Amino acid sequence: MNAVLDPAGPQAAHIAELWWVTLAVCALVFVAVLAVLAWGLWRAPRGDPQMVPGARPAPGAEKHLIRWVTAATVISTILLSGLLVASVATDRELAQLPLTDALNVRVRAHQWWWEVTYDDPQPERMFATANELRIPVGRPVLVTLDSGDVIHSFWVPRLHGKKDLIPGRTATIQLRADKAGEYHGPCAEYCGLQHAFMAFEVIALPPEQFETWAEAQRKPAADPEDAAARRGRELFLSGSCMLCHAIHGTTANARTAPDLTHIASRTRLGAGRLANTPQDLAAWIADPQKFKPGVNMPAHLLPDDDLKALVAYLGMLK
Ligand code: CUA
């Protein structure tokens with residue numbers, strides 16, 4: 001994936017540097033081996049009666065061979081040790097990202113979505129979202145990772161390497177985006193049927209824009225303004241939706257599925273499976289299994305008007 005070689009932050013840059021060093025050394029060794037092979041073939045004795053099978057080479061040739069083998073062993077050892085040192089140095093650099101004023105985000109992986117919680121010393125300022133990580137440009141982010149079911153792997157190639165999320169264990173990863181933009185993250189560890197459709201986006205925003213967004217996320221859900229949205233909220237709170245989802249500011253506060261308080265502010269649905277448009281949202285609610293077979297959300301056989309009302313309500317949760 002060429003994204004790895006287009007780093008947007010210091011962590012990915014360290015890894016890209018290591019990759020280039022390894023490539024250069026391996027390319028050099030490859031060319032050297034081919035050159036020696038070509039030279040050997042060119043110089044090989046042809047039709048020499050002394051070189052019949054089983055015949056011992058002349059004593060001088062044996063010494064010559066030992067010298068070559070020794071030289072090759074020494075050079076290989078030096079190069080491999082060099083790569084080992086480079087790898088350890090990269091690891092050290094990755095661990096040394098300054099974390100003053102770091103943003104603390106917890107990411108919990110589920111089959112098959114990402115639960116994202118923004119920590120804050122003041123609990124009422126915490127908020128949750130899903131399948132999307134918005135971060136401020138230039139500020140370090142300390143991501144704490146764990147998993148609710150099987151092993152997943154957090155990977156944003158343009159920002160950092162992979163880190164496994166293991167049930168019952170907490171891992172951390174430090175990253176920083178130095179350029180504003182959208183960085184794609186695929187799950188990098190096979191975790192079940194929908195592994196390929198378990199994606200998230202990291203959206204790096206200028207700090208002021210990030211603060212505006214975070215402030216909006218901290219607010220409870222907006223109240224519906226029209227009849228359709230009101231009916232949608234009623235359906236949401238009286239039906240099965242609230243058994244799994246939370247919408248702050250309402251009675252829905254379940255945590256087994258994505259928090260929908262501000263679902264309309266997200267770019268994608270179903271962990272990157274669909275666009276967040278009214279059409280796709282309606283199609284998703286009606287039959288999630290069609291898009292992600294095996295997902296926990298069941299199909300909803302709603303009358304057309306009810307489905308429209310539900311989409312109208314969720315569509316205004318900006
Ligand atoms: Cu989660 Cu693959």
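Me: Where does Lys 219 lie in this predicted model?
Reply: Lys 219 sits in the loop between helix 3 (207-218) and helix 4 (227-238).

Me: What makes Thr 261 and His 262 contacts of Lys 219?
Reply: Contact means heavy atoms within 4.5 Å, and Lys 219 is in contact with Thr 261 and His 262 once its neighbours within four places in sequence are left aside. For Gly 249, 30 residues apart from Lys 219 along the chain, the C-alpha separation is 8.6 Å.

Me: Why is the pair Arg 255 and Glu 115 called a salt bridge?
Reply: The closest N and O atoms of Arg 255 and Glu 115 are 2.9 Å apart. The cut-off is 4 Å, so the pair counts as a salt bridge. Between domain 1 and domain 2, the count is one salt bridge.

Me: What are the bounds of the two domains, and how much area is buried between them?
Reply: Domain 1 covers 103-218 and domain 2 covers 227-315. The contact takes 21 residues from domain 1 and 20 residues from domain 2. About 1600 Å² is buried between domain 1 and domain 2, with carbon and sulfur atoms giving 49%. In domain 1, Trp 112, Trp 113 and Phe 197 lose the most area to domain 2, together 29% of what that side buries.

Me: Why is Val 31 called exposed?
Reply: Val 31 has 55% relative accessibility. Exposed means over 50%, so Val 31 counts as exposed. Val 31 belongs to helix 1 (residues 10-43). Together with Phe 30, Leu 34, Leu 37 and Leu 41, Val 31 forms a nonpolar surface patch with about 520 Å² of accessible area.

Definitions and conventions. Residues are numbered from 1 along each chain as its sequence is written. This is a predicted model: local features need pLDDT of at least 70, side-chain atom pairs count only at pLDDT 80 or more; totals for chains, interfaces and linings use all residues. Side-chain values use heavy atoms; hydrogens and water are left out. Patches are made of residues with over 30% relative accessible area and no salt bridge: like charges are joined within 9 Å, nonpolar side chains (Val, Leu, Ile, Met, Phe, Trp, Tyr) within 5 Å. Accessible areas come from the Shrake-Rupley method with a 1.4 Å probe; for residues, only the protein chains shown count as cover. A salt bridge is a side-chain nitrogen of Lys or Arg within 4 Å of a carboxyl oxygen of Asp or Glu. Helices (H or I, at least four residues) and strands (E, at least two) are DSSP runs, numbered from the N terminus. Buried means under 20% relative accessible area, exposed over 50%, partly exposed in between (1.4 Å probe, protein chains only). Domain bounds come from an automatic or database domain assignment. Buried area is the accessible area (1.4 Å probe) that two parts lose on being put together, summed over both.
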